[in-house]
Amino acid sequence: MCAQYLRKGAKSQIGNYCPVSLTSQICKLYETVIRDAIVLHLESNGLLSHSQHGFRKGGSCVSNFLEFLDYVTKNLDNHNSVDVIYLDFAKAFDKVPHCRLLEKINKHGISGKVWNWLREWLHGRKQRVCINGHFSSWTESVTSGVPQGSVLGSVLFLIYINDIDSNLLCAISKFADDTKLLNTVNCNKDRDQLQSDLQCLVEWSTKWQMPFNDKKCSVMHLGGNNQKFDYFMGSHKLEADLGVWIVKVLDAHQYYRYLI
């Protein structure tokens with residue numbers, strides 16, 4: 001069963017709502033046992049990309065920010081320019097197709113009874129909307145989305161996007177679905193490499209049915225001599241982000257956007 005909560009914007013716009021699974025405490029305890037076993041398998045075998053900081057032991061917004069800041073400051077100290085592309089999935093947790101998720105779970109070495117349990121856990125889900133005590137009809141056979149509000153949802157999402165790093169030459173940093181792609185850009189060749197990796201990510205999103213919201217994707221140009229190259233997602237030109245001010249104590253004193 002699902003509830004809906006308003007993420008942002010007007011209550012009258014259906015796209016501003018997000019489904020949250022309502023499950024029993026007993027179910028969540030069972031999920032916890034399965035999740036802990038999966039996480040142990042993934043971490044002990046080094047299966048999760050080091051670029052992922054979300055939903056992991058030792059990972060956080062802070063570790064994500066510090067790793068990013070270290071990359072940028074080292075390059076700026078060496079008088080290099082850096083371009084950072086911020087990527088935003090369109091309703092990421094709701095889009096994950098179950099059949100492809102199960103395929104990726106299997107490729108991460110999770111099979112047998114645990115894989116069968118996960119398949120049944122995802123199968124047969126349904127949802128409806130309640131507004132002021134009035135219910136819609138049930139939507140049967142929900143075939144996509146990792147259930148938000150569940151214990152397992154977060155780690156299954158990490159598995160699904162884990163291979164997004166494949167074949168990239170530029171640096172990438174992730175906190176759950178929030179993704180940054182960055183590269184030193186001192187010449188056209190550097191810019192072309194960043195654009196090429198961006199295209200790889202777009203192709204990955206198409207293949208795995210996880211589209212980006214290109215209107216929310218942007219580029220930040222860092223460095224006093226930055227040439228401010230243009231970047232494209234298909235025919236859409238990315239808008240430039242304004243950036244932040246960082247003071248000596250690493251406090252975002254004045255900001256237009258968080259770097260996470």
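Helices (H or I, at least four residues) and strands (E, at least two) are DSSP runs, numbered from the N terminus. The model is predicted: local features need pLDDT of at least 70, side-chain atom pairs count only at pLDDT 80 or more, and totals for chains, interfaces and linings use all residues. Residues are numbered from 1 along each chain as its sequence is written, and side-chain values use heavy atoms, with hydrogens and water left out.

Helix H5 spans residues 112-122, and its residues Trp115, Leu118, Trp121 and Leu122 are buried (under 20% relative accessible area; exposed is over 50% and partly exposed in between, with a 1.4 Å probe and protein chains only). These residues lie on the same side of H5, because they cover an arc of only 120 degrees around the axis. The arc is that of the directions from the helix axis to the C-beta atoms. An α-helix has 3.6 residues a turn, so residues three or four places apart point the same way. The cover over the buried residues of H5 includes helices H1 (25-44), H4 (98-107) and H6 (153-161), with contact meaning heavy atoms within 4.5 Å.

Five strands form an open sheet in the order E6-E7-E3-E8-E11, with mixed pairing. Two strands pair if DSSP finds at least two bridges between them. E6 and E11 (239-240) are the edge strands, each pairing on one side only. Helix H7 (residues 188-207) packs on this sheet and touches E3, E6 and E7. The direction of H7 makes about 155 degrees with that of E7. Axes are lines fitted to C-alpha atoms, for helices over the stretch in contact, and angles run from 0 to 180 degrees between N-to-C directions.

Strand E7 (residues 178-184) is largely enclosed by the rest of the structure, because six of its seven residues are buried. E7 runs antiparallel to E3 (residues 82-87), joined by six bridges. Within this pairing, Tyr86 has Lys180 of E7 as its bridge partner. Five bridges link E7 to E6 (residues 171-175), again in the antiparallel sense. Here Ile172 is partnered with Leu181 of E7. E6 and E7 form a hairpin with two residues between them. In the turn, Ala176 has a positive phi of about 60 degrees. E3 also runs antiparallel to E8 (residues 218-222), over five bridges. Ile85 has Val219 of E8 as its bridge partner.

The structure holds zero disulfides, defined as pairs of cysteine sulfur atoms within 2.5 Å. For Cys170, the nearest cysteine sulfur is that of Cys200, 9.4 Å away. Cys170 counts as buried, at 8% relative accessibility. Cys61 counts as partly exposed, at 32%.
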